[in-house]
Amino acid sequence: MSKRLSIFPLTGAILFPGLQMPLHIFEPRYRALVSDALARDRRIAMIQPKGPAHCAPLFDIGCVGRIGDVEAMDDGRYNIVLEGESRFRVVRELDVTTMFRQVEAELIDEPEEEFLSSIERASFEREAKRFADAQGYSVDWESVTRLDDISLIDGVSQIAPFDPASKQALLEAPDLRSRCETLIQLMQFYGRRDGDDEIITLQ
């Protein structure tokens, strides 16, 4: 069944079900979006645009989030924390009079329980350590080992410093195992450097 969603198109930002995303809302159209969401069901749909223009075409898949914590400022800006609920697939963009864009979308049914094998988990953690060392990131690996498989893979996917197309590929991966494999490939790809050259991208 299709659903009408108010969207926040944001390049380089993806949200996963069960995870959180802090956002600082300052543009008038997105202040209107948050105000409208707070007056209704507190839900905002995050999705990446395919270009910088306000009316740029959208990628096919995004994630609906529910506004949890909210700080309304005197000048109309907001600080919010969006809590991911469900991925969705865009059916079509709607012709609306609101300042913000809206789409007709279908929610994607997520697998109820997903796990990695011990070999898959070890392979991912090994590659993640290589990538973190190469990029100069400081990671609390003891805390990482305590994360469940979904929190680990989706969490890294959400914050990884990849280009928008790569992040979209992670969001569109159909299941946890596929996302883990894609993430490993991307860490290997982005981890390759040639001397002092800039990091390579898929774009």
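The model is predicted, and local features are reported only at pLDDT of at least 70 and side-chain atom pairs only at pLDDT 80 or more, whereas totals for chains, interfaces and linings use all residues. Residues are numbered from 1 along each chain as its sequence is written, and side-chain values use heavy atoms, with hydrogens and water left out.

Helix H2, spanning residues 118-135, has 18 residues and reaches 26 Å from its first C-alpha to its last, close to the expected 26 Å, the expected span being 1.5 Å times one less than the number of residues. Helices (H or I, at least four residues) and strands (E, at least two) are DSSP runs, numbered from the N terminus. Within H2, the residues Arg121, Phe124, Glu125, Glu127, Ala128, Phe131, Ala132 and Gln135 are buried, where buried means under 20% relative accessible area, exposed over 50%, and partly exposed in between (1.4 Å probe, protein chains only). The cover over these buried residues includes helix H3 (141-145), helix H4 (149-159) and helix H6 (176-190). Glycine 136, which follows H2, has a positive phi, near 80 degrees.

The axes of H2 and H6 come within 10 Å and cross at roughly 30 degrees; axes here are lines fitted to C-alpha atoms, for helices over the stretch in contact, with angles running from 0 to 180 degrees between N-to-C directions. The two helices, H2 and H6, are therefore roughly parallel to each other, a term applied to angles under 35 degrees. To this contact (heavy atoms within 4.5 Å), H2 contributes Glu120, Ser123, Phe124, Glu127, Ala128, Phe131 and Gln135, while H6 contributes Arg177, Cys180, Leu183, Ile184, Met187, Gln188 and Tyr190.

Strand S3 (residues 43-47) is largely enclosed by the rest of the structure, because four of its five residues are buried. Strands are taken to pair if DSSP finds at least two bridges between them. Strand S1 (residues 2-9) runs parallel to S3 and is joined to it by three bridges, with phenylalanine 8 standing opposite methionine 46 of S3. Strand S4 (residues 61-72) runs antiparallel to S3, the two being joined by four bridges, and valine 64 in S4 is the bridge partner of alanine 45.

Alanine 169 lies in helix H5 (residues 164-172) and, at 36% relative accessibility, counts as partly exposed.

Definitions and conventions. Parallel < 35°, antiparallel > 145°, perpendicular 65-115°, else oblique.
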